[in-house]
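Q: I would like a close look at one part of this model, please: the surroundings of the ligand. Which residues surround the ligand, and what holds the charged side chains together elsewhere?

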Amino acid sequence: VSQSAPKLPSKILELMDGFRASKALFVASKLKIFDHLKDKGPTKAVDIANYVGASVCGTERLLDACASLGLLEKTPQGYSNTDSANTYLTSDGKYSLHGYIIHSNDHLWPLFTNLEFAVKEGSRQNHRAFGKKADDLFKDYYHSQEVKQRFMAAMHSIAHLTARDVATAFDLSQFKSACDLGGCTGALAYELVQVYPNLKVTVFDLPEVIANTSYFQPSGQHTAPVTFVSGDFFKDNLPEADLYILSRVLHDWPDEKIHVLLSKISAVCKPGCAVLLAEMVLDEEKKNRSTALLQSLNMLVQTEGKERSGSEYQALLEQHGFKNVKIRITGNLLDVILCVKT
Ligand code: SAM
């Protein structure tokens, strides 16, 4: 009896090829094809190839692949950006993901190439990917201006995309001052002062980062000023505030280091003061939110940290006197947790 062939495993086939699509997006972004096509009518492959200084046959295949993935439009007149390419893939838009895409290509790709080692060894792979490993992962990022700039641009792009949802997940209008610990370029801080004009926000980050923030300041925006303070949140005194923010900070660290940081925050937090976390929160069974679960693998290849579930964050916070833990799943890339010092 002849057996009919099984149904095509389309999900598996899509995953098997997923890296090809990612790399096509990365290379088109690196070659600045989306920037070149911005505000332009349909453009022929040969003209795009000349502009980017690449072969015509290679460029044409890349453009066709991008068009088939919905990143470009292809007509007999040539190739043009889709609306979403104009918004998210050109390098200068407010919601540009260009910074994170370049970081994914130049930094995460070599790390994920070593995912097998990361899984076997249970540790980050900076030494295999880049030939060195500092004690602190941020020393790996900040040893060169180029890598630091790329990392900050990557953080900036995701922070822009998520800041409004993070700022409005809870009503924060009762707070007079906030300190964004590890606040990097200040993208969330500037959103907070727009949403809460009476809030004074301080961004606290390592000296190398604070020295480089001028590049990322919003231009022509009439917002209240944001203060930048440099220091090490594990060692130095923390600025005084009613609200301490940790956005994508706890996921970088193991529980032991989180306890050091939370106990320092708890020591300066008066009763009624609060902590706000912005992280991808895993579902309790750790089986449904693949974006967050893949982000946890991303933490494995490069940090000592991981993504955690709501109850895991709650347990960490409660040990330091933070109660009334509320969690908002925003539908954006970052979820928000608010708790109050009792
Ligand atoms: N909060 C930003 C966001 O959500 O876009 C940046 C998140 S980034 C993953 C972590 C930040 O923590 C970086 O800006 C890094 O420089 C900062 N950081 C790491 N170690 C630190 C330390 N010991 N003291 C102060 N900031 C630190």
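**Around the ligand**

A: Let's start with the helices: α9 (137-142) and α10 (145-168) each supply at least two residues of the shell around the ligand. Helices here are DSSP runs of H or I with at least four residues, numbered from the N terminus. This is a predicted model, where local features need pLDDT of at least 70 and side-chain atom pairs pLDDT 80 or more, while totals for chains, interfaces and linings use all residues. Residues are numbered from 1 along each chain as its sequence is written, and side-chain values use heavy atoms, without hydrogens or water.

With three residues, α10 gives the largest share of the shell. In total, 18 residues surround the ligand, each with a heavy atom within 4 Å of it. The closest are Y142, G182, D205, S247 and R248.

Polar contacts (N or O pairs within 3.5 Å) come next. The side chain of D232 places an N or O atom 2.9 Å from a nitrogen atom of the ligand. For F233, a backbone N or O atom lies 2.8 Å from a ligand nitrogen atom. S247, already listed among the closest residues, has a polar side-chain atom 2.7 Å from an oxygen atom of the ligand. Of the 590 Å² of accessible area that the ligand has on its own, the protein covers 97% (Shrake-Rupley method, 1.4 Å probe).

Now for the charged side chains. The structure holds 14 salt bridges, each a side-chain nitrogen of Lys or Arg within 4 Å of a carboxyl oxygen of Asp or Glu. One of them joins D106 and K30, with 2.9 Å from N to O. This pair links distant parts of the chain, 76 residues apart: D106 sits in helix α6 (residues 98-113) and K30 in helix α1 (residues 10-30). K30 is partly exposed at 43% relative accessibility, that is, between the limits for buried (under 20%) and exposed (over 50%). K30 and D106 also belong to a salt-bridge network that includes R150.

Another salt bridge pairs E312 with K286, their closest N and O atoms being 2.8 Å apart. E312 lies in helix α15 (residues 310-318) and K286 in the loop between β7 (274-279) and α14 (290-302), so the bridge ties together parts 26 residues apart in sequence. E312 is partly exposed at 25%, as is K286 at 36%.

Notes
A polar contact is a pair of N or O atoms within 3.5 Å; within protein, one must be able to donate a hydrogen and the other to accept it, and residues adjacent in sequence count only if both atoms are side-chain atoms. Buried means under 20% relative accessible area, exposed over 50%, partly exposed in between (1.4 Å probe, protein chains only).
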